[in-house]
Amino acid sequence: MPSIYINGQLVPKEDAKISVYDHGLLYGDGVFEGIRVYGGKVFLHQEHTDRLYESARAIRLEIPLTKDQMQAAVEQTVKANNLQDGYVRLVVTRGAGSLGLDIRRTSQPQVIIIADTITMYPKQVYEDGLRLVTASTIRNHSQALSPRIKSLNYLNNIMAKIEGTDQGCEEALMLNHKGEVAECTGDNVFIVYRGVLKTPSPESGILEGLTRNAVLKLARDAGIPIYEGPLTRHDIYVADECFLTGTAAEVIAVTSLDGRKIGDGKPGPITRQLLDLFRKLTRA
Ligand code: PMP
C-alpha cells in the first residue's frame, strides 16, 4: 500500500485527501513535476526541484518548504515506499480558497508527493518506434501561459492527446501559434538530419524538458553536432530520424508523422546510440 506525502505527513493512499475547494482542482491552479527513481536514487533531483520552484515563482505560488526540505520530503517518500525504480509525482496546489479566482482568499498551498511505479510504452514500441499525427490543438501561446511553466493546466495537451489516440497514435505533435514544431503532449521532439541533431529551442514554446537537456549533453559529449531552433513539420517529414524524450518515455523513436515514413521507417542509428547512452546514464 503506497504512502502518500501530504503536507508533512505520510498517509495511506486512501487517506491522502485535499479540499474540494482547492484551486488546484477548481482551476488547475498549481504546478507539478514528474521525476524518475533509478536504483533507489532520485534522477536529476536538483534540476526537477529548480524547475518546480521556477514554475511556482512564475505563477506567484509560494511553496511552503525550502528546496532542501522539499528534496528531503521526496527522499523520505521514496524510502517509505521502498521504491527502487519508479516515478515520483510532486504536486503543489494553490490550496483551498473561495469559489472565486482571487488567490488572496486561498490558504495553505498543498504539497503532495506520490511515489509509485510507472507504465512505460511496451518494449516492442521501443523497437518499432511510435507513429505520430499532428494535432490541430496548438501548444499554449506563450503570451497566454508560458509553456515553460509545468502547471496543472494540461487541458490543451489532453485535447491534442485525444486527437492522437483517436487516430491510433500514442502521441501527437503539437505546433506553436506560428505553426512551428513545438513538442508532443508530454515529450520533447528531436530529429536527425544529415548527421545533425535538431530540436526546437525554448523560444519555440516548449517545456524545457530535463530529459531533453540530458540527451543534448550526451550528444554534445559524443561529438554529435546540435541545432536548437525553429523547426517545421517539413523538417520532420524529410528527417533521417526522429525521436521523443521525456521523464516517463525516456528516449523513444518516432517512425512516422501524418502517414509519412521517417527515414527508412525504423529507429535510426543516432536514436539508438542516444537511447543506449541514456540507459547507461540512468542505470549506472
Ligand atoms: N513536454 C511536456 C509538455 C511535458 O509535459 C513533459 C514532461 N512530461 C516534457 C515535455 C518532457 O520533460 P521532462 O523530460 O522534463 O520529463
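How many cavities of 30 Å³ or more does a search of the whole structure find? The search finds 2, where a cavity is a set of points on a 1 Å grid over the protein atoms alone at which a 1.4 Å probe fits but cannot get out, and a volume is the space filled by probe spheres set on the points, joined across faces, edges and corners. This is a predicted model, in which local features need pLDDT of at least 70 and side-chain atom pairs count only at pLDDT 80 or more, while totals for chains, interfaces and linings use all residues. Residues are numbered from 1 along each chain as its sequence is written, and side-chain values use heavy atoms, with hydrogens and water left out.

Next, show helix 6 (210–221) and helix 8 (residues 269–282), whose axes, as lines fitted to C-alpha atoms over the stretch in contact, come within 10 Å and cross at roughly 110°, on a scale from 0 to 180 degrees between N-to-C directions. The two helices (DSSP runs of H or I, at least four residues, numbered from the N terminus) are therefore roughly perpendicular to each other, a term for angles of 65 to 115 degrees.

Methods: On a 1 Å grid over the protein atoms alone, a cavity is a set of points where a 1.4 Å probe fits but cannot get out, and a pocket is an open set with protein on both sides within 12 Å along at least five of seven lines; lining residues have an atom within 4 Å of a point. Angles under 35 degrees count as roughly parallel, over 145 as roughly antiparallel, 65 to 115 as roughly perpendicular and the rest as oblique.
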